[in-house]
Amino acid sequence: LQGQEDIESLEKSIKEYSSQLRKHDTRILVCPLYAALPMSHQTQVFALTPPDTRKCILATNIAETAITIPGIRHVIDSGKYKEKMYSTTFKSAMEALITKSISKASAMQRAGRAGREGPGTCFRLYTEEGFRSLRESSTPEIQRSNLASSILQLKYLNQDPETVDWMDSPGRDALEAALITLFAIQAIDRTRALTPLGRLMASFPVEPSLARAILASREQNCSNEVVDIVAVLSTTSTIFFDPSEAREDASEARRKFRHPTGDHIMFLNLFRAYEEVLGSLGRHGAIDWCRKHYINERALAEAVRIRDQIRSSCERLNINWKTSSRLEPEPILKSFLAGSPQNAAQLHPDFDYRQLIGSSVVKIHPSSTLIDKKVPVIMYNELIITSKIYARCVSSITRQFITELPLYSQTPSRTT
């Protein structure tokens, strides 16, 4: 299936159907499987199936190549999946979550999940003609990703990204978008040459915008807090687990971590609380604590490892990561704005947020703590397109923060 919402909807339908089965009919055990699901729930797909029971696994394409589940005899292939693409077709570059048809290679891979231990069947919910019209293979990741980090590393190695021999050449628009991003955060100059600041950014194991935030935190004397937040934002898994049947419970359980300014400080509060629990109760206690708060413990454990790597990079570059603002939000938010100066939007009289650069209308993502508030100016970590353009990891800032940035002070006409 395509994603979490599709899986939860079908899971509900199957459970309603199975509740109507006769007493002696084979029972149905429904097991959802998607990336945001806690590990304790994911492992249920590998457990032995009870007697007189058929296990029905509802999975995204995580089950296509990432894992092999024993005992599968039948696969139903929808022929669709959701793919993240870094889109440059809008007035500003942003991630788009697009439902697409799979490739022939993916179709064969899905069929291969059935019958690995014996005879099996794959039911495809599309015609043979539809199969023949599929593209041969999936789009290479470099052609659907933000290239800012790759371009920065090439510049660091004295390579020209416009002439380098790519294995799969990215689009011209994607290259230009990456160069604009790097110029906005002062990693390159107007001649596209790497700056001393850009050379420092290339030394961190995180995205250039987050590396820039760490470097800005030196001046703001809040490196300790910024490094922790960057570690959380750099995890490969989602932090929160929001099951449709318990969203209100999840929101209430995490209320204690909220901060009036928004999500950046909220993530810091969450990470610090996790570390306290980990130190006092150990890993098992931390796992139970995360389960009660609907938090992905794997993501926070990954954040701890990333944080340790960032600290090592800071020490190598003679950056004191121990300097602290004592949770004062202003210097922390200024640091992150320096890392993403183009990621700002202001509230208009029609109560829509419009980008200061790009002029697209953006909505605050439902997962944000600012979802029910209207503040004059927001900054965000990323934009993602689904049915609308949503800003994720959002915090409230003042207009003064904006005017202090070189990007806006040098181009005042673009902020109107």
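Visitor: Why is aspartate 263, a buried residue, said to have no salt bridge?

Guide: The nearest side chain of opposite charge, arginine 258, is 7.7 Å away. Lys and Arg count as positive and Asp and Glu as negative, while His and the chain ends are not counted. The model is predicted: local features need pLDDT of at least 70 and side-chain atom pairs pLDDT 80 or more, whereas totals for chains, interfaces and linings use all residues. Residues are numbered from 1 along each chain as its sequence is written, and side-chain values use heavy atoms, without hydrogens or water.

Visitor: What is aspartate 263 in contact with, beyond its neighbours within four places in sequence?

Guide: Its partners are Ser368, Thr369, Cys393, Val394 and Ser395, where contact means heavy atoms within 4.5 Å. Aspartate 263 itself lies in helix α12, residues 263-292 (helices are DSSP runs of H or I, at least four residues, numbered from the N terminus).

Visitor: What makes the aromatic pair of phenylalanine 240 and phenylalanine 267 stacked?

Guide: Rings of Phe, Tyr and Trp (its six-membered ring) pair if their centres lie within 6.5 Å; planes under 30 degrees apart count as stacked, over 60 as edge-to-face and the rest as tilted. Here the centres are 6.0 Å apart with 20° between the planes, so the pair counts as stacked. Phenylalanine 240 lies in the loop between α10 and α11 and phenylalanine 267 in helix α12, so the pair ties together parts 27 residues apart in sequence.

Visitor: Why is the aromatic pair of phenylalanine 257 and tryptophan 289 called edge-to-face?

Guide: Its planes make an angle of 70°, at 5.8 Å centre to centre, and the pair is therefore edge-to-face. Phenylalanine 257 and tryptophan 289 are both buried.

Visitor: How do you know that the charged end of arginine 254 sits over the ring of phenylalanine 240?

Guide: The test asks for NZ of Lys or CZ of Arg within 6 Å of the ring centre and within 35 degrees of the ring normal. Arginine 254 passes it, at 4.0 Å from the centre.

Visitor: Why does glutamine 186 count as partly exposed?

Guide: Its relative accessibility is 34%. Buried means under 20% relative accessible area, exposed over 50% and partly exposed in between (1.4 Å probe, protein chains only), so glutamine 186 is partly exposed. By contrast, asparagine 318, at 74%, is exposed.

Technical notes: Helices (H or I, at least four residues) and strands (E, at least two) are DSSP runs, numbered from the N terminus. A salt bridge is a side-chain nitrogen of Lys or Arg within 4 Å of a carboxyl oxygen of Asp or Glu.
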